[in-house]
Structure formats: C-alpha cells, structure tokens
Amino acid sequence: MKNKFLTLLTMLALPVLSFAEDKLNSGDTAWMMVSTAFVLLMTPAGLALFYAGMTRSKNALNTFSMVMGAFVMAFVVWIVAGYSIAFGTNESAMLQNVMGGFGNVLLDGIKWTDLSGTYPTYVFIAFQGTFAAITIAIASGSVIGRLKFSTWMIIVVLWGLVVYAPITHMVWGGDGAYLFDAGALDFAGGTVVHMNGGLAGLVLAILVGKRAGFNKVAMKPFSIILTAVGAALLWFGWYGFNGGSAFGANAIAGLAVLTTTIATAVGGVTWMLIEWLIYKKPTLLGIASGIIAGLVAITPAAGFVDVTGALIIGVVGSIVAFFGVVKLKAMLGYDDSLDAFGIHFLAGLWGALATPFFALHDTDLLWDGPLKTSLSPESISAGVSPDVIGQFMVQVESVLIVGAWTLIGTVIVYFIASALTGGGRVDEETEYNGLDETVHGENGMNL
C-alpha cells in the first residue's frame, strides 16, 4: 500500500500525465467519488444551515445565499484557473515555490483517462474543488448582515485565485512547492482550509466594520435547531473531508475516520461541560459548536495520530475555540458574526501545531519532514532521536506563512472588490430592514 506521501508525489508532481505504474482501482475510485459527494454536502447544506440558524431571521436567507453562492462561484473559479495554480507546474523554479502555472486552465491538457494514483484525475480535481469552495464559504460567517452580495461574489472569485490556490500549492503542491518540500504536515486542511478561511473572515469583518447595534441590541439566532442539523451534516460530510484525504479505500482512511469521530465527539462533550460548569446550562448551540471545533482541530492530524492523540486534540481544540468565541472576541472587540475565526482559525491552528507531538512514529503514515527523516533506518541506527521539535518548527513556519499570505491577500482582494462595487457595506436602511427582502426579494420563511 502506498503511503500518502508517495501518492501525493505521484498525483501532484505531474498531474496531467498518467504514470506507467498507475492502475485504476475500482474501490479507491468509488471511495473518492463518494468522499467528493460527502464534502460537497458540507457546504450548500451543512455549513449553510449551521450559519443560517445562528443569524437573525431577517438575514437568514442572505446567510444561506452567501454560503451557497460562494460554493457555486468558487467551484467555477477552481475549474477555470484555481486547479492549475494550485496543482499545475510552473516553468520558473522560484515561482513554483508559491504557485503552479497556467498550463491547466480550464483543465487543458488533462484527459478523462488520466489517473491520479489509482483513481481518475478528474475525480481528484472535483474532490479538491469542494475544498476550495468550502474554504471561502467559511469566511462568510464573519461578515453576515452587512456585506454587499455583489462585493462578496467578487471577493469569492479573486480570493480563490489570489489566496486559496497559492496556499494550496505551497502546502500540497508536490515537488518544488515551498511548504510541501519543507515537510509540513497537514493531512486534510488545517492550514489550507480552516486557518485560511477563519482568518480571512476576521480580516473581512474588521474591514467591513461592526454590525449596527453590535453589543447594544439583542441579536437572537433564527433557529438553533437548523444550526444543530447543519452541524450534523458537517460531521457526516467530514468523513469524506478527512477520510477522503487518504486518497483511497485503505487503512489510513480507516484511521482518519476513527480519529475524526473521536475528536468530534469529545469536542462536543467538552464544550457542553464547560458551559454546564460556568453558566449552569448546557446549550444545544454549545454542543454544536464543540462538534465543529473538534472536527476542525483533528483535520490536520487525522491520518497521523492514534486514539489518545485524537482525544487530546479534540478536548483542547474545543477549549481553545470556546476561549476564542467567548473571551477573545470580547477582549479585542471585533465583530466576527458567526465566529469563523474563533472556531476555524484557532482550532485549526491548535491542530496544526499539535500534530508533531501526537503523530505516530510510523513512516507508513508520515509524508515527509524532519520527524519522518529521523525515523528512517539510517537515522535510527545512527542513534538519532525522533525529531519532534524539528517537525514542530516546520509547522510553525507553515502557519506563519499561511497566516501572512491570507492576511495580505484578503486585504488586497477586499479593497479591489469594494472599489468595483462602490463600497463593500450595505447602506443603513438595508442593514436595518434585513438583507433577505432588500437584497434577494425573498424571505427565509413565509408564515
């Protein structure tokens, strides 16, 4: 069985060619197609319901539209040029460090018969496209209730090309990609998806400004039940998100499915107990939030850790996210409407940095990097200890580079989109009346 590093090397180094040793495996193909469908369900159903239920009734439909609109637009952008930038090759070795070329625009040069390891390249493209789409959709949760829909659509287009695709390339882009070559470990998107989307949300929230009446008037959720249903659908879809990132129906996928389940469950329990202890009431919103925090935290580590690691990562991830949502936001005074930063960025950051300390010392699981190198027979015979600290420093470098790229890129994208739409924020009357009727001419429910 190929480990994930070898699979990635085969798939990503030359994604437009079929390798002689590649052979279609029907089991792997079926699993990757189902995983793609699972991850697709996460955004226009799971995340949309999760967010829509938390917002005010006058903006619930707009919230759903922001997520669904982001998904369909981002996927189109991915096919047009995003995939090429993320997984294509660049003639310039220096540029290859941060982005692929434009040789695969509109999937040019990729045949329907081409394989990525043991399944069709087209399936890999669709699978990764769902990741691209959910990442920017996550950011929408920070600016609900005051961002123009037109501005948002332009942000989705530009952000997918300027921010998401280069970050994906650096982390997962194969030989020549900077963080990939450095040996950064991100099994399914702790940095690429969750830190990236969560930080983009915070940046946009600060640039757009706080909601009118923030911390002055009650902003009650539309329906916690819808939010809980959304969390359940996200959990369901996450098996494709993490399990599919093993790129085959194999033992590593099985490991990822188990660790995902453990971290998620314990994340929900942890948030519930914290609320019960502090506020004397265990809320459904809290349980749902803990579930998402556990999912996010385990994502970068899902295929590298064992049961104990999953438990610890899930517990601490929930605690970190609770702190971000309840304490950090109040301390710093930013208006992250639905806590995309508090949950996705902070729990993703924790998971990325915790991975080296809980990763199994098993070269069949690890892709590359200082930890895997130190576990080679040559290193062991030379008396070299497992290089956990070396791997941790690579992880630190990874989160710093991703954070800086997201911060700068999102600022640039916002100002361009804002200039093209005559300002990014809706007017006062629209914000007061709600964006559902004013922007979309619809209501979430006609009762």
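**Salt bridges and burial**

Author: Asp335 and Arg146 are both buried. In this predicted model, these two residues form a salt bridge whose closest N and O atoms are 3.7 Å apart. The pair joins distant parts of the chain, 189 residues apart: Asp335 lies in the loop between α12 (307-332) and α13 (340-358), and Arg146 in the loop between α5 (121-140) and α6 (149-172). The contact belongs to a network of salt bridges that links Arg146, Arg211 and Asp335.

The loop between α12 and α13 also holds Asp339, which is paired with a residue of helix α12, Lys329, 10 residues apart. In this salt bridge, the closest N and O atoms of Lys329 and Asp339 are 2.8 Å apart. Lys329 has a relative accessibility of 15%, so Lys329 counts as buried, the cut-off being under 20%. Asp339 counts as buried too, because its relative accessibility is 13%.

A further salt bridge connects Glu431 with Arg425, with 3.0 Å between the closest N and O atoms. Here the two partners fall into separate classes of accessibility. Glu431 has a relative accessible area of 6% and is therefore buried. Arg425 reaches 26% relative accessibility, so Arg425 counts as partly exposed, a class that lies between the 20% and 50% cut-offs.

With a limit of 4 Å between a side-chain nitrogen of Lys or Arg and a carboxyl oxygen of Asp or Glu, the count for the model comes to 4 salt bridges.

Note on methods. Residues numbered from 1 in each chain as written. Predicted model: local features only at pLDDT ≥ 70, side-chain atom pairs only at ≥ 80, totals over all residues. Heavy atoms only, no water. Helix = DSSP H or I, 4+ residues; strand = E, 2+ residues; numbered from the N terminus. Buried < 20%, exposed > 50% of the residue type's maximum accessible area, 1.4 Å probe, protein only.
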